[in-house]
Amino acid sequence: MSKDINDLGFPPNKRPPKTHYLKCHPGPFEAVRLRKKKCDVRINDREYMEGDTLELHRYDPDSTPTHNGDELRVRVTHCLYGPAFGVVPEGVVVMSIEPY
């Protein structure tokens with residue numbers, strides 16, 4: 001097997017795609033639902049990668065209950081990892097997203 005591919009068939013710096021379950025405030029959630037919001041900026045504490053799925057759960061800290069059951073699934077189509085271009089800090093990722 002090529003040393004450019006690991007045992008699962010992915011390059012060494014890659015892993016199989018996975019789903020991340022995330023809270024999303026009402027404004028951004030609605031913008032994603034309406035296909036107006038095409039990126040998501042997050043602390044890169046989950047090793048986000050191209051091909052991953054974000055399952056966004058509408059979260060409103062000012063209401064009871066805070067979760068109303070609304071959810072959206074989007075695919076990560078590109079990642080820009082900080083530090084980048086002097087505007088994306090280290091430890092932050094800007095993800096291009098598209099709805100399924």
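Predicted model: local features only at pLDDT ≥ 70, side-chain atom pairs only at ≥ 80, totals over all residues.
Residues are numbered from 1 along each chain as its sequence is written, and side-chain values use heavy atoms, with hydrogens and water left out. Over the chain the mean pLDDT is 89, and 87% of the residues reach 70 or more.

Let's start with the fold. You will find 1 helix and 5 strands, following the pattern β-α-β-β-β-β along the sequence. Helices (H or I, at least four residues) and strands (E, at least two) are DSSP runs, numbered from the N terminus. The 5 strands form an open sheet with mixed pairing, in the order β1-β3-β4-β5-β2; two strands pair if DSSP finds at least two bridges between them. Because β1 and β2 each have a single partner strand, they stand at the edges, with one side of each left without a neighbour in the sheet. Inside the sheet, β3 and β4 run antiparallel and are joined by 6 bridges. Leu-56 stands opposite Leu-72 in β4.

Now for the interior. Buried residues (under 20% relative accessible area, with exposed over 50% and partly exposed in between; 1.4 Å probe, protein chains only) make up 28% of the 100 residues in the chain. The largest nonpolar core has 14 residues, and those touching the most other members include Val-32, Leu-56 and Ile-97. Such a core is a set of buried Ala, Val, Leu, Ile, Met, Phe, Trp, Tyr and Cys residues joined through side-chain atoms within 4.5 Å.

The largest share, 4 residues, comes from β4.

Tyr-48 is another of the core residues that touch the most other members. Not counting residues up to four places away in sequence, Tyr-48 touches Arg-15, His-20, Leu-22, Arg-42, Ile-43, Leu-54, Cys-79, Tyr-81, Val-93 and Met-95, contact meaning heavy atoms within 4.5 Å.

What about the cysteines? Cys-24 is buried at 6% relative accessible area, and Cys-79 is buried at 13%. A search of the whole structure finds 0 disulfides, a disulfide being a pair of cysteine sulfur atoms within 2.5 Å.

Key: pLDDT = per-residue confidence, 0-100.
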